[in-house]
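Me: I am new to this structure and would like to learn how its features are read. Could we go through them one at a time?

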Amino acid sequence: MEKHPAHIDWEKELAKNLNRFPERKEKFTNHGGEEVPRLALPDKIDDAYVENIGFPGQYPYTRGVQPTMYRGRFWTMRQYAGFSTAAESNKRYRYLLEQGTTGLSIAFDLPTQIGYDSDHQMAAGEVGKVGVAIDSLADMEILFDQIPLDKVSTSMTINAPAAILLAMYVAVGEQQGIESSKLKGTIQNDILKEYVARGTYIFPPKPSLRLITDIFKWCTEHTPDFNTISISGYHIREAGSTAVQEVAFTLANGITYVQAALDAGLELDNFAPRLSFFFNASSDILEEVSKFRAARRLWARIMKERFNAQKPSSRMLRFHTQTAGYTLTAQQIDNNIVRVALQALSAVLGGTQSLHTNSRDEALALPTEDSVRTALRTQQVIAHESGVASSVDPLAGSYFIEQLTDRIEAQASELIAKIDKAGGVVPAIEDGFIQRQIENSAYEYQQEIEKGERIIVGVNEFKIEEKTKPSLLRVDPEVEKAQVQSLKELRQRRDNRKVEEALANLSECALSSSNLMPEILAAVKTYATLGEICQVLRKVFGEYRG
Amino acid sequence: MAEQKKTYRVLIGKPGLDGHDRGAKFIARALRDAGFEVVYTGIRRTPEEIAAAAVQEDVSAVGLSLLSGAHMSLFPAVVKALKNSGAGDIPVLGGGVIPDEDIALLKEAGINAVYTPGTPVDKIIGAFRAACETQKSGRN
């Protein structure tokens, strides 16, 4: 039988790829010593197969964005962490790197995420609680002390003030003698989902979208290896959406960012390759695997058909995954290790580029070092022992998986069409349409649990009396005082005339239509604080109130 | 849902900066289904804003939800703000990711009851009803 032309193309691509990026091993074998196929294929490859499923590394990317996937390199094992002061978090990052994580992921405290300095009255009680407190470049220097920024990739969960934290990262890199073009990482920078699911907004949608497109533009010139946004379904799912809604709302947000950047005059194929995504891995393994595959295919089609993207990398949906926090239970917490393992497996079977595994104790408090290690070990067991990383997209061709992939794609498309009809994401948020959809799904899910229609092991079935309490990580309330004190000292130590000047320049820039990034970078370098910079922007842009 | 003779009005509040409101919204809706009138403040409110809303809406109980770990300062701050507004008789209930050892301390600080993940919603509805009944009998 003659090979399909697409198959021949793929084999050529593969040969090139193997030349440039050899696989991890010469031979991948199972326990019996039998070789495992790189890519299992159906007997007959027809046009329908090529159009819908195809080959890994080729449009529509249903089977993955690289030709060899984890045979070339495992996903990045990236554990989200950060608490207390920059010095404490720095210790945790260095511990994680020693234990074999391959990327950092910075959790900032809520005041930092919402643009308040640690001494602001709204920050009271929240400093250093859910992440690290960063007030100025001085804190960022401590955060990355002895961590060479050209050797790690760093993901920062920061949205409304993303430009400021990115500028601080670039400034720390400069101090380490590293050019911005060598920096690798991701800023979340996804404001739209904050309005509907996560809550750390500062400015109204319009100026927020300007900040985002300014970042897109600046990064294509200065940090070409940085993912300029991580368009996040994770929090939409955590807020209660279904898998279909997670895909639909995330990709609809993606469409909005692409359109905003086009409207700002950016070239599609310049910025689109640096867009990245972030999804939730929840407990229904087969649904989740299908969801990841469906999202990849749907985004590829949107980029090609709706936006006419030409570069392959503009059509690729690359994504980070985190296991589902909302499924963790405060009861019998060791069961969470099993939940996380199954969820992580679905992410790997779904072709994720990086992964965070939650820790067993996160329904109670921030995770301890021991439970974070177990969470990381879970990924290492999947990578090195489970065998699923030896073959690309091993579930492809399952009737169940392919049907579910098709269904999720179709249903998400329909929902995106509804949002289009409503005038796009921003009007749909302002009208509350998206929030209502998420709320209704959350309510139904919880009612199923309350009525016992959905069994949660250890919560509404298989319960036991638990006496011994696990040890928890606590953030010392003294942290807030110490952080406020060091901020006070910084304000005395720095050249305040330079700070004022930089802030005045920033204000003028915000009023114009010039790119904000250069002025933000200049302000950061004078040790202007995050709160001061955000205050300037609040004055010009106004504030969003949900 | 259980039958209820009297319609009570309650306020569900999210103090501080925490945006996780899945739990707060669920409780608000479940209370509504159980016959309560419910005012939900939305996220990112100060303790003073929550107290002012409680007084203005003339509620019989306040429920607070927090998952950021800031409960030890923010829950008592709401109790204090209520007292300062002359509404110290309004009972305050709390919920969220709250370690067991904090619960006793929160009760000492004037929080009526604290509920953590996995609590059946009927138990929480019952607690609101009991709190509303004591508040009204205390006032009249």
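Predicted model: local features only at pLDDT ≥ 70, side-chain atom pairs only at ≥ 80, totals over all residues.

Me: In what order do the strands of the open sheet of chain A lie, and how do they pair?

Reply: As a general idea, strands of a sheet pair through backbone hydrogen bonds, either parallel or antiparallel. Here, in chain A, nine strands form an open sheet with parallel pairing, in the order 5-4-3-2-1-9-8-7-6, and its edges are strand 5 (226-227) and strand 6 (229-232) of chain A, each of which pairs on one side only. Five bridges join strand 7 (residues 275-281) and strand 8 (residues 319-323) of chain A in the parallel sense, and A:Phe279 stands opposite A:Thr321, which belongs to strand 8 of chain A.

Me: Which strands of chain A does helix 3 touch?

Reply: Helix 3 (residues 86-98) of chain A packs on the sheet and touches strand 1 (76-81) and strand 2 (103-106) of chain A, its direction making about 160° with that of strand 1 of chain A.

Me: What span should helix 12 of chain A have?

Reply: Helix 12 (residues 285-306) of chain A has 22 residues, so at 1.5 Å a residue it should span 32 Å, and the 31 Å between its end C-alpha atoms agrees with this. After helix 12 of chain A comes A:Asn308, with a positive phi near 60°.

Me: How many residues does each chain give to the contact between chain A and chain B?

Reply: Chain A gives 30 residues and chain B gives 24 residues. On the side of chain A that touches chain B, the largest share, five residues, comes from helix 18 of chain A, and by class that side has 16 nonpolar, eight polar and six charged residues.

Note on methods: Residues numbered from 1 in each chain as written. Chains lettered and ligands numbered in written order. Helix = DSSP H or I, 4+ residues; strand = E, 2+ residues; numbered from the N terminus. Expected span 1.5 Å × (residues − 1). Contact = placed C-beta atoms within 7 Å. Nonpolar A, V, L, I, M, F, W, Y, C, P; charged D, E, K, R; others polar. Pairing = 2+ DSSP bridges. Axes fitted to C-alpha atoms, helices over the stretch in contact; angles between N-to-C directions.
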